[in-house]
Amino acid sequence: MEEIRKTPLWQIIMVASIAAGIQFGWALQLSLLTPYVQTLGVPHQWASFIWLCGPLSGLIVQPIVGYNSDRCTSKFGRRRPFIAGGGVFIALAVFLIGFAKDIGYMAGDSLVTTTKPRAVAVFVVGFWVLDVANNMLQGPCRAFLADLSNGDHKMMRISNGFFAFFMALGNVLGYAAGAYSNMHKLLPFTKTTACDITCANLKTCFLVDIILLIIVLTTSILTVKEIPITLDDLDSGDESKSSKSAFIQFITNMVAAIRTFKKPMWVLMLVTGLNWVAWFPFILFDTDWMGKEVYGGTADGSAHQVSVYEAGVRAGAIGLMINSAVLAVFSVGIEPLGRLIGGVKRVWGGVNLILAIGLGLTVLITKKAEHWRATGGFDEHSLPLPPGNIKAAALSVFGVLGLPLSVTFSVPFALASIYSSSSGGGQGLSLGILNLAIVIPQMFVSVVSGQLDGLFGGGNLAAFVMGAIAAVITVPLALFVLPNTPKQMPLNLPIGGGH
């Protein structure tokens, strides 16, 4: 039997560290951009439609990138060219988002009107480019980790655990930056005529993100090498020489891959899809929920209401930082916990029950905050910040939800890699197809959350309740329907550092 090449753990860690650079920008996007886009004049119920660009780009981009990275014959390797290209586009995108108000003002936006159409246009373009670039970068990173695991199931789970750990680290840094109200003082030039302190803080955070991304990408690409492949190495060498276009080849291979999926992959996609119906409402509106429902402010009210809302958004960013710290700790413990209780699918089912309970608690916390405001006799000019018990309860929900999020960021991808390697499928294409089970639910949530907002009189609770119901459904599916992973002889791969 041919001996499997053992990849030093330090190489796994170096590639996984790219997730920190990706997620720093995502953390800023998730914590600050829904409130920020409302300052450009986009109503709350329409803000979710802007987030459609992420799922749409993932639906199209990640399978195509995954397929082409499987077949890339560049002398630099299969995955690294896509990783480098994605990094360049992320830098361009966050620049456009951060400077949207300045560009809009230079193009003719008024400083006194609520709606700033040119800034909105620049923001949306940057937002779309950012999501395309994230999909272009993240899929090949995970596929690169699967390549480095050399078919070993344990190493696949460990590598995805490290990827989740660095995602959490990037989240902590991003949310901490977003919660710091004086971030703009690091780069004073960011405050301009069109860009106030809140905008300058966002702009500074994104410029820091560009620097961090350059550091982790450059370090990883230069230190971890790939062995280039040739056309002769491809499974379908004859097809590569045919007259069919690359796009037709991609569609043909994707349809063929989907048709050959066995039950494990279909069940995995079902559980993953419902899991993201549960998660995406909270991911979209968590800081808005803190500013609006918990703190009682508004993004477009009086100066005092806006101040209270912004305080709530910053508190939400702190909550997300706590969430990410829990995610980081738990992500490296998923593998041993799975061994302890009989498999990662039991871990997944258990934490999804925690997710359902956490989302349900947002309703109770909101009602408690509303009761406190109603009985306090406050008006829009005298509303204080909520008492400590309400803030502590809300922040506790953020922290507890770090447990299921760590599993969401690692286990589905590890299982997809395992199922793919067991059936002989390409890692890039298989992970790209799994992404369909993520982006299609996100599209659904983006469309219906605004409608739920209007139907139930505004706010975020209706979407959170929908997420809680979806999370409950995933529990028996993960525990009893999702198949166990194929048995594999232990390879005793090293857990220590590079050698």
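This is a predicted model: local features need pLDDT of at least 70, side-chain atom pairs count only at pLDDT 80 or more; totals for chains, interfaces and linings use all residues.
1. How many cavities of 30 Å³ or more does the structure hold? There are two. The largest cavity takes in about 540 Å³ of space, and 31 residues line it. If you want to find its centre on screen, look for Trp26, Gln138, Trp276, Phe409 and Gln442, the lining residues closest to that point.

2. Which helix gives the most to the lining of the largest cavity? That would be α12, with six residues. Helices that each supply at least two lining residues are α2 (18-39), α4 (53-71), α7, α8 (153-179), α12 (263-294), α13 (303-331) and α20 (436-455).

3. Now for a helix pair. α7 (residues 117-149), which also contributes to the lining of the largest cavity, meets α5 (residues 80-98), with axes that come within 8 Å and cross at roughly 155°. Angles over 145 degrees count as roughly antiparallel, so α5 and α7 are roughly antiparallel to each other. Their crossing is left-handed. The contact between α5 and α7 comprises 20 nonpolar, five polar and one charged residues.

Key
Residues are numbered from 1 along each chain as its sequence is written. Side-chain values use heavy atoms; hydrogens and water are left out. Axes are lines fitted to C-alpha atoms, for helices over the stretch in contact, and angles run from 0 to 180 degrees between N-to-C directions. Helices (H or I, at least four residues) and strands (E, at least two) are DSSP runs, numbered from the N terminus. Angles under 35 degrees count as roughly parallel, over 145 as roughly antiparallel, 65 to 115 as roughly perpendicular and the rest as oblique. A crossing is left-handed if the near helix is turned anticlockwise from the far one by less than a right angle, and right-handed if clockwise. Ala, Val, Leu, Ile, Met, Phe, Trp, Tyr, Cys and Pro count as nonpolar, Asp, Glu, Lys and Arg as charged, and the others, Gly among them, as polar. On a 1 Å grid over the protein atoms alone, a cavity is a set of points where a 1.4 Å probe fits but cannot get out, and a pocket is an open set with protein on both sides within 12 Å along at least five of seven lines; lining residues have an atom within 4 Å of a point. Grid points are joined across faces, edges and corners, and a volume is the space filled by probe spheres set on the points.
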